[in-house]
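Have the model open beside you as you read.

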Amino acid sequence: MRLRGYFTPIVQYARTLRAISPVAQQRFEGSTMFTDTSLGQQLSSQCRRSIPWQRATPLIFSQHQCSAFHHHSVARDLAGKRQELAHSIHTCRCLHQEMGTVEGTTQGRILKGKEYTCIQAELLEGGAIGLITLDRPKALNALSEALMKEVLDALQTYDADPQVGAIVITGKDKAFAAGADIKEMKDKRFVDAYASRFVFHWNSISAIRKPIIAAVNGYALGGGCELAMLCDIVLAGEKAMFGQPELNLGTIPGIGGTQRLIREVGKSRAMEMILTGKHFMDAEEAAQKGLVSRVVPGSNDALLAEAISVGKQIAQQSKPVVALAKECVNAAYEIGLQEGIKKEQSLFYATFALEDQKEGMQAFIEKRKPDFKHK
Ligand code: CO8
């Protein structure tokens, strides 16, 4: 059973490999990393039993490729060395990227019918998790208008997909997002920004009903910090750095930074960060102050794996109950206490209209896992 947990990140890459052409597959299979047959078979049968959709992926399980791929790391990880696994995943990602380039395909853009250029969007865990990776590394994932449209499109697609239980947003390398795209917006006049409602559409993220988890790997500055705060849960990598440097550019935060940061870190710290434009917050301090849930030690891959694991835990809950709970918590954030409590009570009563409430409580009494039908 313990192998299951380690398999998640491997599957992400193996799954994407399915979308790559036969030449890439050969290179994958021919790699010297895939040499241990016995562990391969062990993992294969483990996963066949535990994760149903993988039965439909013969490329992954017909041979031993993905197991040996993690031969050393899985073995050591069982002894508690997560770092090793992260390293293997990194190696795998490099191989994957290389193959993507060779084949003229791009990594992971496998959301059906979507051609994104600023993000990658992938369905993971049999479609239970929608992953969005901001992908403008040369501009440190600056939030251009094109990127905004793609992020919203992917979010809305996941939100409408009944299989998806949670969404993860992450960045790449050293940036989650370094803010609005300064080069794109520098010549805007007031009338352009006002008339086009320049940043208005970012607010649509608040309307997404599925939980969104931000895995903040590096710089989350300006609009990047605001994007993280628009998410429901924020996990920070060791190198995460949060800041609101807009005043250095002669402007102010524009997608909720002045409103949300004060709720997260208190007035004095928020004022210091915003008014100086300089006092950034590292991952440790962000966790202390409550801007993030916690710091995930290790590499970006370890951070992403943890965010997916949290997403999976949420995805196992009843989807309508998750949506009601999210709405209630957001009410606390957005409205006064008395109104918030009224809202919570009425949505709490509403859960008694759900079959999942009956099933959840019955399962508890019968000492078994609930079998939610999401209605
Ligand atoms: N916009 C456009 N390009 C950027 C941005 C950005 N926000 N940030 C970095 N880049 C580009 C750089 O210009 C550089 O490009 P090039 O190689 O062509 O010169 C490349 O990314 C790499 O950046 P650096 O060389 O500067 O990398 P460093 O490691 O030296 O520094 C920093 C990293 C500290 C993150 C630095 O890049 C920096 O200070 N960036 C700007 C951060 C910032 O001020 N953000 C706030 C922007 S304003 C904003 O977000 C408004 C919020 C309201 C609207 C939100 C809508 C989304």
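E285 is buried, its relative accessible area being 17% (buried means under 20%, exposed over 50%, partly exposed in between, with a 1.4 Å probe and protein chains only). E285 sits in helix 14 (residues 283–289). Its side chain joins that of R269 through a polar contact of 2.6 Å (a pair of N or O atoms within 3.5 Å, one able to donate a hydrogen and the other to accept it). Leaving out residues up to four places away in sequence, E285 touches R269 and F280 (contact means heavy atoms within 4.5 Å).

This is a predicted model, where local features need pLDDT of at least 70 and side-chain atom pairs count only at pLDDT 80 or more, while totals for chains, interfaces and linings use all residues. Residues are numbered from 1 along each chain, and side-chain values use heavy atoms, without hydrogens and water.

Now for the helix pairs:

| Helix pair | Axes come within | Crossing angle |
|---|---|---|
| Helix 11 (residues 223–230) and helix 12 (residues 257–265) | 10 Å | roughly 60 degrees |
| Helix 16 (residues 319–334) and helix 17 (residues 337–351) | 9 Å | roughly 175 degrees |

Helix 11 and helix 12 are therefore oblique to each other, whereas helix 16 and helix 17 are roughly antiparallel (angles under 35 degrees count as roughly parallel, over 145 as roughly antiparallel, 65 to 115 as roughly perpendicular and the rest as oblique). From helix 11, E226, M229 and L230 meet G257, R260, L261 and E264 of helix 12. In the other pair, L324, E327, C328 and A331 of helix 16 contact K343, E344, L347 and T351 of helix 17.

Terms used. Axes are lines fitted to C-alpha atoms, for helices over the stretch in contact, and angles run from 0 to 180 degrees between N-to-C directions. Helices (H or I, at least four residues) and strands (E, at least two) are DSSP runs, numbered from the N terminus.
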